[in-house]
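Here is a short briefing on one protein structure. Look at the sequence and the model first, then read the points below.

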Amino acid sequence: MTRKRRTYTLLLLSALAPKASSRLAAADGMPEQLLEPFARSRSDEEFHDTGTAPTPFSETIPPYDTTIELLRLSADIYAYRGLSSCEDVIRAGNANATKRPLPYDAACHLYEHDEQDTQVMVISRPPPSSYVAVVYAGTDDFRNILTDGNIVFKSFGPELANGTHPLVPPSNPNIEVHAGFNNAVFRQGLYYRVLSAVTAVLDKHPHYQLLTAGHSLGAADSILTAVALSQSFGPDRNILCINFGCPRIGNRAWRDYVNALSNVGIWRFVNSVDIVPRLPDARFVHV
């Protein structure tokens with residue numbers, strides 16, 4: 001069965017979280033119009049299928065509160081540019097309200113902004129939120145990356161010294177993704193540092209949700225990370241990815257592979273006038 005395409009208008013979420021929408025607007029030229037809020041009074045349970053047949057996790061609409069939380073984190077991470085550690089993030093948030101401090105009960109386990117301009121943080125929140133999240137930001141020159149005529153495909157995941165790619169499943173050897181997106185996550189061991197931080201949290205709190213999120217290039221990074229984490233943790237660990245303004249990432253073999261993962265839920269929110277989700281060229285497709 002082919003997974004239904006799940007693309008939603010980002011302006012709809014902008015109405016629900018005006019502060020977050022203004023930050024995303026500043027980062028990516030997004031219009032500031034707001035629509036009327038939807039489903040504000042609904043409980044999370046109302047978003048789930050009420051039939052007798054169980055809905056696969058990949059097809060289960062994510063809770064409202066979780067979606068808004070990840071929207072805000074995807075916007076707030078831009079305020080941490082120029083910082084280099086969790087300590088910097090916490091200190092800056094406490095000292096300067098414009099830095100958008102982390103949620104009051106959140107713990108920061110990893111924050112990096114590396115020489116590739118990949119910006120990522122791993123945070124967790126205790127009950128009732130009960131999650132560990134990997135959140136990525138976009139980059140300043142992202143449109144240049146997308147329109148570069150030298151865009152090429154690359155095998156998914158890190159490449160070992162012997163030329164093999166451990167995250168490419170033997171049953172799907174032809175899956176390929178945008179080389180630049182792949183490098184942003186897997187070059188210089190970044191993914192394994194993210195994995196180590198996430199594993200440390202889940203070892204202590206195995207019931208926590210595992211979430212990924214991001215905007216623009218960060219949205220692509222969040223999907224690549226979610227799929228990699230599904231291999232690292234196996235099919236019994238559900239992973240929810242909510243992202244905003246995501247470009248096309250890989251080839252059709254990649255799309256078919258990801259859409260068949262029942263434990264990975266990927267939900268894309270798109271501004272109807274944003275060019276980024278329509279790039280790169282037609283060789284690339286969305287999951």
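Contact here means heavy atoms within 4.5 Å. This is a predicted model, in which local features need pLDDT of at least 70 and side-chain atom pairs count only at pLDDT 80 or more, while totals for chains, interfaces and linings use all residues. Residues are numbered from 1 along each chain as its sequence is written, and side-chain values use heavy atoms, with hydrogens and water left out. Helices (H or I, at least four residues) and strands (E, at least two) are DSSP runs, numbered from the N terminus.

**Helices α7 and α8**

- Helix α7 covers residues 190-204 and helix α8 covers residues 217-233; they pack at an angle of about 60°, with their axes 11 Å apart.
- Axes are lines fitted to C-alpha atoms, for helices over the stretch in contact, and angles run from 0 to 180 degrees between N-to-C directions.
- Angles under 35 degrees count as roughly parallel, over 145 as roughly antiparallel, 65 to 115 as roughly perpendicular and the rest as oblique; α7 and α8 are therefore oblique to each other.
- The crossing of α7 and α8 is right-handed; a crossing has this hand if the near helix is turned clockwise from the far one by less than a right angle, and is left-handed if anticlockwise.
- From α7, the residues Y191, V194, L195, V198, T199 and L202 meet T225, A228, L229, S232 and F233 of α8.
- Sorted by class, this contact of α7 with α8 has eight nonpolar, three polar and no charged residues.
- In this sorting, Ala, Val, Leu, Ile, Met, Phe, Trp, Tyr, Cys and Pro count as nonpolar, Asp, Glu, Lys and Arg as charged, and the others, Gly among them, as polar.

**Helices α6 and α8**

- Helix α6 (residues 179-186) packs on α8 at an angle of about 65°, with the axes 9 Å apart.
- That angle makes α6 roughly perpendicular to α8, and their crossing is right-handed.
- F181, N182, A184, V185 and F186 of α6 meet L217, A220, D221, L224, T225 and A228 of α8.
- The contact of α6 with α8 has eight nonpolar, two polar and one charged residues.

**The loop between α6 and α7**

- G189 is placed in the loop between α6 and α7.
- With a relative accessible area of 23%, G189 is partly exposed; buried means under 20%, exposed over 50%, and partly exposed in between (1.4 Å probe, protein chains only).
- The C-alpha atoms of G189 and P158 are 8.1 Å apart, although these residues are 31 residues apart along the chain.

**Helix α9**

- Buried residues in helix α9 (residues 252-259) are W254, Y257, V258 and N259.
- Their cover includes β6 (176-178), α8 and β9 (264-270).

**Cysteines**

- A disulfide is a covalent bond between the sulfur atoms of two cysteines; here it is counted as a pair of cysteine sulfur atoms within 2.5 Å.
- The count by this rule is one disulfide, formed by C86 and C108 with their sulfur atoms 2.1 Å apart.
- The torsion about the S-S bond of C86 and C108 is about -70°, so this disulfide is left-handed.
- C86 lies in helix α4 (residues 86-95) and C108 in strand β2 (residues 107-113), so the pair ties together parts that are 22 residues apart in sequence.
- C86 is buried at 7% relative accessible area, and C108 is buried at 16%.
- C241 is buried at 0% relative accessible area, and C246 is buried at 1%.
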